Amino acid sequence: MRFSARLPIAVHILLATKVFEAQHKITSEFLSASIGVNAVIVRNLLGRLKASGFVEVSAGVGGAKLLKPLDKITLLDIFNSVEPEEPIFNLHENPNPNCLVGRNIHSILMPRLADVKRAACNSLAAVTLQDLLDEIQRRDDMGDGIVCPT
């Protein structure tokens, strides 16, 4: 199963914005150096995060700022902000209605796939950005943890 990298990149953007906000102007170029992706990708995701009310972005090199506390932002909030509303699973459209499997496959699979989606959403909703930052700080073995991307 493939998922886009939008969620992990958006999480990285928000966490790096919080971690480095006191030391650096948080620009798309700064964030792209930390994430290791093109600044255009960062700008696109910053636009989505701004539209969802997570960040404020000043034009030019003004930088980004968080608008919500990390403990109020869940992974599900971010996922819903940056991923298009598409089903996680797509079923084939034309199973043969004259076949025992074909006429039943959608009705037996859909509830199970809905359960998988519900479980995934519940898992994402249970994790805040503060949880992730706390874990980063626990794992950090570089002193104060303030290391700048170059």
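Rings of Phe, Tyr and Trp (its six-membered ring) count as a pair if their centres lie within 6.5 Å; planes under 30 degrees apart are stacked, over 60 edge-to-face, and the rest tilted. The model on screen is predicted: local features need pLDDT of at least 70, side-chain atom pairs count only at pLDDT 80 or more, and totals for chains, interfaces and linings use all residues. Residues are numbered from 1 along each chain as its sequence is written, and side-chain values use heavy atoms, with hydrogens and water left out.

**Whole chain**

Helices (H or I, at least four residues) and strands (E, at least two) are DSSP runs, numbered from the N terminus.

Switch to the C-alpha trace. These atoms fill a box of roughly 65 × 35 × 25 Å along the principal axes. The radius of gyration is 20 Å, whereas a compact globule of 150 residues would have one near 15 Å; the value is taken over C-alpha atoms, and the globule rule is 2.2 Å times the number of residues to the power 0.38.

Buried residues make up 30% of the 150 in the chain. Here buried means under 20% relative accessible area, exposed over 50%, and partly exposed in between (1.4 Å probe, protein chains only).

**The aromatic pair**

Next, select Phe20 and Phe30. A search of the whole structure finds 1 aromatic pair. The ring centres of Phe20 and Phe30 are 5.5 Å apart and their planes stand at 75°, so the pair is edge-to-face. Because Phe20 lies in helix H1 (residues 6–20) and Phe30 in helix H2 (residues 28–35), the pair ties together parts that are 10 residues apart in sequence. Both Phe20 and Phe30 are buried.

**Helix H4**

Move to residues 75–82, which form helix H4. Show the side chains of Leu75, Leu76, Ile78, Ser81 and Val82, the buried residues of this helix. They pack against H1, helix H3 (39–51), H5 and H6. Contact means heavy atoms within 4.5 Å.

**Thr128**

Finally, select Thr128, in the loop between helix H5 (105–125) and helix H6 (129–139). Is Thr128 buried or exposed? Thr128 is buried, because its relative accessible area is 15%. Leaving aside residues up to four places away in sequence, Thr128 touches Leu70, Asp71, Ile73 and Thr74.
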